[in-house]
Amino acid sequence: MTDRPITGTGSHDDETGGTARGGATPAGASRRGFLRAAGAVGLGTVAVAAAGAGEAAAAPADPSADSSGGEGGRAAGTTPPVRTGTGLDRLPHPLVIGHRGASGYRPEHTLGSYELALQLGADVIEQDLVPTKDGQLVVRHENNIAETTDVADHPEFAARRTTKTIDGQSLTGWFTEDFTLAELRTLRAKERLPQQRQRNTLYDGRWPIPTFREVVDFAEKRSRTLGRDVWLYVETKHPSYFRSIGLPLEERLATELRRAGLAGRRGRAILQSFEPSSLQRLAALVENPRVQLLGDAASRPYDFVLAGDTRKVADLVTPTGLQWIASFAHGIGPTTQLIAPVDATGKLQPPTTLVPDAHRAGLVLHPYTVRNENGFLPVDHRRGTDPAAYGDALSWSKYLYELGVDGFFTDQSDTAVLARADFWASHGVH
């Protein structure tokens with residue numbers, strides 16, 4: 001997922017074009033549709049319907065999925081957010097997803113970041129998976145670990161610095177697939193955005209790179225101590241690239257999910273990828289809910305590039321494209337600008353029709369990424385001119401909730417939890 005600040009490009013409206021925008025949909029209309037189709041419950045209890053899921057989600061709810069046993073459970077007459085049995089109906093709605101943990105406060109993808117995200121109220125914590133040379137799954141946002149570890153300070157690994165082409169981009173650094181797990185364990189994590197998040201550098205060197213198995217075991221222990229299920233949101237990173245070098249991700253991930261009892265519709269793991277073919281492979285291996293990530297409107301999934309498929313994201317967010325996604329996935333993870341675009345100055349424009357269009361296709365929407373800092377906020381929600389200072393992320397979060405999103409990825413879970421409480425209260429949900 002991108003970390004590019006919201007600055008406006010001058011071409012963003014053209015990228016979404018007539019495909020995603022259609023006609024502007026008033027926020028109130030989306031909100032009313034959401035309220036008709038959904039209820040909301042407190043943190044850690046059973047969730048309810050998504051906005052306007054409509055015909056594609058019309059199957060009756062599975063009563064066995066409601067484990068609350070009381071008034072905190074699913075509202076009468078509502079339907080789960082996607083096809084019955086995916087497990088997503090067991091989660092709060094809208095969902096607070098800890099993006100790489102609490103990466104606004106701690107170095108990302110560390111047990112410290114995950115721990116804090118849960119303390120701050122995240123329902124789900126996210127992992128990006130890349131493999132080691134010996135085929136182990138570790139958690140890093142990218143296989144290039146130059147910016148997220150202290151590898152540059154290890155002279156024994158100086159010769160491993162190299163340049164590779166990953167998904168068509170030339171990158172220089174150190175790559176996980178060139179290290180064994182034992183070698184990676186000698187490294188320590190550090191803050192990836194020290195200019196924007198200088199305070200996070202206090203924790204540089206405190207935590208190692210976790211394996212996916214270690215995160216799974218951590219989540220299991222925290223589920224017991226918190227008294228609620230801790231869900232994982234797992235992304236396969238650069239899956240075509242890793243398959244091309246003999247380190248395919250999907251089979252390894254499925255094996256780990258089965259080992260931990262997280263595979264299938266009763267598991268506690270949502271699977272995501274920018275490459276549709278990766279989700280299609282996962283669909284043949286495990287029955288976990290799947291979410292298709294979507295980048296900028298003008299971009300193409302890299303497996304499309306390899307296959308000669310000329311469709312762009314702009315084509316995938318049309319009603320036809322969304323119906324195609326719904327054939328193998330249960331939701332989409334779009335950039336916020338595919339829902340709430342900005343102009344060249346970073347100022348919000350009328351929302352697109354993506355939220356109601358996706359809901360009509362039976363898909364949930366978990367956009368990315370909501371952050372507190374001005375540099376990542378639309379101009380309308382900034383305070384002052386310092387890009388690293390906090391803007392009005394509460395109002396930005398509530399705006400997205402009002403548009404009907406089913407949750408979002410956030411670097412600061414506490415902000416999203418507070419905004420969600422305000423959203424529920426403003427609509428009389430207790």
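This is a predicted model: local features need pLDDT of at least 70, side-chain atom pairs count only at pLDDT 80 or more; totals for chains, interfaces and linings use all residues.
A crossing of two helices is called right-handed if the near helix is turned clockwise from the far one by less than a right angle, and left-handed if the turn is anticlockwise.

**Packed helices**

Two packed helices are described by the angle between their axes and the distance between the axes. The table gives these values for each pair discussed here.

| Helix pair | Angle | Axis distance |
|---|---|---|
| Helix 5 (residues 212-226) and helix 7 (residues 250-259) | roughly 30° | within 11 Å |
| Helix 7 and helix 8 (residues 276-285) | about 40° | 10 Å |
| Helix 13 (residues 393-403) and helix 14 (residues 413-426) | about 55° | 9 Å |

The axes of helix 5 and helix 7 cross at roughly 30°, which makes helix 5 roughly parallel to helix 7, since angles under 35 degrees count as roughly parallel. The crossing of these two helices is right-handed. On the side of helix 5 the contact is made by F212, R213, V216 and D217, and these meet L253, E256, L257 and R259 of helix 7. Sorted by class, the contact of helix 5 with helix 7 holds four nonpolar and four charged residues, with no polar ones.

Towards helix 8, helix 7 packs at an angle of about 40°, and the two helices are therefore oblique to each other. By class, the contact of helix 7 with helix 8 has four nonpolar residues, one polar residue and four charged residues.

From helix 13 the contact includes A393, L394, S397, K398, Y401 and E402, and from helix 14 it includes T415, A416, L418, A419, R420, D422, F423 and S426. The classes represented in the contact of helix 13 with helix 14 are seven nonpolar, three polar and four charged residues.

**The largest pocket**

The largest pocket holds about 1100 Å³ of space. Its lining is formed by 34 residues, and those lying nearest its centre are M1, E142, Q169, K237 and H238. Strand 5 (169-173), strand 6 (231-236), strand 8 (290-294) and helix 9 (302-307) each supply at least two residues of this lining. The lining of the largest pocket divides into 13 nonpolar, 10 polar and 11 charged residues.

**Backbone details in loops**

Which residues are joined by a cis peptide bond with omega of about -5°? They are H93 and P94, and P94 lies in the loop between helix 2 (27-37) and strand 1 (95-98). A cis peptide bond also joins Y368 and T369, with omega of about -15°, and T369 is found in the loop between strand 10 (364-365) and helix 13. R100, which lies in the loop between strand 1 and helix 3 (111-119), has a positive phi of about 60° although it is not a glycine.

Conventions
Residues are numbered from 1 along each chain as its sequence is written. Side-chain values use heavy atoms; hydrogens and water are left out. Axes are lines fitted to C-alpha atoms, for helices over the stretch in contact, and angles run from 0 to 180 degrees between N-to-C directions. Helices (H or I, at least four residues) and strands (E, at least two) are DSSP runs, numbered from the N terminus. Contact means heavy atoms within 4.5 Å. Ala, Val, Leu, Ile, Met, Phe, Trp, Tyr, Cys and Pro count as nonpolar, Asp, Glu, Lys and Arg as charged, and the others, Gly among them, as polar. On a 1 Å grid over the protein atoms alone, a cavity is a set of points where a 1.4 Å probe fits but cannot get out, and a pocket is an open set with protein on both sides within 12 Å along at least five of seven lines; lining residues have an atom within 4 Å of a point. Grid points are joined across faces, edges and corners, and a volume is the space filled by probe spheres set on the points. Angles under 35 degrees count as roughly parallel, over 145 as roughly antiparallel, 65 to 115 as roughly perpendicular and the rest as oblique.
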